[in-house]
Amino acid sequence: MTDTLKPAPPRPDMVNDAGYRSYTIGGFTFSRDEYFATIEWPTGSHQIAVDQFLRSMQRDVAWGFFYGIVNFDSVFGTMNHYGNVDMFAGRFNEAYRKAEVDYNENFPHDEILGVFKAILADWTNAGYDPFAAPMETGSPYGRNHGSNDAAVERRRVVAQRMVGVPGDEERRSDESGFPINRQFLDVDQSEPEVRPEPGYEGEVAAFNLFAYLSRSDVTWNPSVVSACKESLYCPTTEEFILPVIHGNDRVEWFVQLSDEIQWDVEDRDTGRKRARVVMKAGDVAAMPADIRHQGYSPKRSMLLVWENNSGAIPELIATGQAPVHPVEF
Ligand code: PHB
Ligand code: FE
C-alpha cells in the first residue's frame, strides 16, 4: 500500500464539504460523503455504501458489540472480548491475510462505543432510521441534513424475567406507540388469560409473543423477552437483509416462527462458503460456533434466536473443551 492511503491526521473541529465530521480512533479514520463511508487504516482503505454502514453501526452500538464478531461486510468489523473490543480490517478475509494488508487494534469497550455513537449520531440524517426496513424509512444519502436521535438512541428491550411480568418489560400496544406492522395485520392480538392462586400474582405470567412481535418497529434486532439463568429468548422481526455478517463465538439456535429466511453460512475465519439454509415457518436450526452468517427475509418474518449468555462459552469453545455443534447425528 502506498503512503497516500495512510489516515489523514485527526481534524475533530472540521466538517467536510458534505457537512460531516471525520473520526479517528487508534489507527482507524472514518469519514463519510453523500453516498459512502470511508474507512482508512495504516495498510489500506475501504468504502461501504452509507446505508449498509449505518445499519451495521446501529446494531453494533445497540448490541454492545454482540456475541463474537460483527462484520460490517467482508472486510471491516469488530470482535467482542467483553470489556474490550477488537476493530479490524481484512482480518477475516483470506485474500487480505495472504496479502498481509489486514489490520487489527484493540480498544476499551467504552472508548470504541463512544466513537461509534458519535459517528452514528452525526452521520444519520433526519427521516432515516437505520433499524427500519428500507420500505419503512427515508433515504440516508446526501449532504448532512438534521439527525434522528430518537431512532439511533432507541432503548433495547432486555427483560430481566419475561415481558409482561409486573415491573419488567411491558407488552406493546397502540397506546404505547407500537401499532401492528403492515405485514402482520392478520396476527391474532388476544392475550392469554392468567389466573394465579392468591399470593402468586407476581410469579405467574403469560403473554402473546406473536402479538408482541407483530408490533415491533425494528428489523434484525434480537431483544431479550425472557431469561432463565443464562438462557435468553431473543426473538426479532426481519425484513430485507441482516446488515451484519455475524461471526459466532457460541452456538445459536434459530426457530423460524413465521414466513421464510434464507441464510448464507460461511467459514467464520476465511469467508469460504459453507451452506445455504432456507428456513420456513416451523423450521429449527442450530448455527455452529465456528461460522458466520447473513440472513435474507423477502417478507417481514418472525425469528426466535435462542442464546446461551454464559461468559465461559467462548473460552470453552476456543480451547476445544466444548464442541462447535450442539448435537452429533
Ligand atoms: C445472528 O447473527 O444470529 C442474528 C442477528 C440478528 C438477527 C437475527 C440473527 O436479527
Ligand atoms: Fe449469529
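E136, R182, E239 and R300 are linked in a network of salt bridges, a salt bridge being a side-chain nitrogen of Lys or Arg within 4 Å of a carboxyl oxygen of Asp or Glu. By this rule the count comes to 22 salt bridges. Keep in mind that this is a predicted model, in which local features need pLDDT of at least 70 and side-chain atom pairs count only at pLDDT 80 or more, while totals for chains, interfaces and linings use all residues. Residues are numbered from 1 along each chain as its sequence is written, chains are lettered from A and ligands numbered from 1 in the order in which they are written, and side-chain values use heavy atoms, with hydrogens and water left out.

H246 in strand 11 (residues 245–247) and H293 in strand 16 (residues 291–308) link distant parts of the chain, 47 residues apart. Helices (H or I, at least four residues) and strands (E, at least two) are DSSP runs, numbered from the N terminus. H246 counts as buried because its relative accessibility is 3%, and H293 is buried too, at 2%. Buried means under 20% relative accessible area, exposed over 50%, and partly exposed in between (1.4 Å probe, protein chains only).

Next comes an open sheet of 4 strands in the order 1-2-3-4, with antiparallel pairing. Strand 1 (23–25) and strand 4 (44–49) stand at the edges, each with a single partner strand, so one side of each has no neighbour in the sheet. Two strands pair if DSSP finds at least two bridges between them; strand 1 and strand 2 (residues 28–32) are joined by 3, and T24 has T29 in strand 2 as its bridge partner. Helix 1 packs on this sheet, touching strand 2, strand 3 (36–41) and strand 4, and its direction makes about 90° with that of strand 4. Helix 3 (residues 109–123) also packs on the sheet, where it touches strand 1, strand 2 and strand 3, at about 170° to the direction of strand 1. Contact means heavy atoms within 4.5 Å, and axes are lines fitted to C-alpha atoms, for helices over the stretch in contact, with angles from 0 to 180 degrees between N-to-C directions.

Helix 1 is mostly covered, with 11 of its 13 residues buried; among them are F53, L54 and M57. Just after helix 1, G64 takes a positive phi of about 55°.

Our last stop is a hairpin. Strand 13 (residues 260–267) and strand 14 (residues 273–280) run antiparallel and are joined by 7 bridges, with W263 opposite V277 in strand 14. The hairpin has 5 residues between its strands, and G271 in the turn has a positive phi of about 85°. E266 and K273 meet here in a salt bridge (2.6 Å, N to O). E266 is buried, with a relative accessible area of 10%, whereas K273 counts as exposed at 62%. R274 forms a salt bridge with D290, the closest N and O atoms being 3.3 Å apart.
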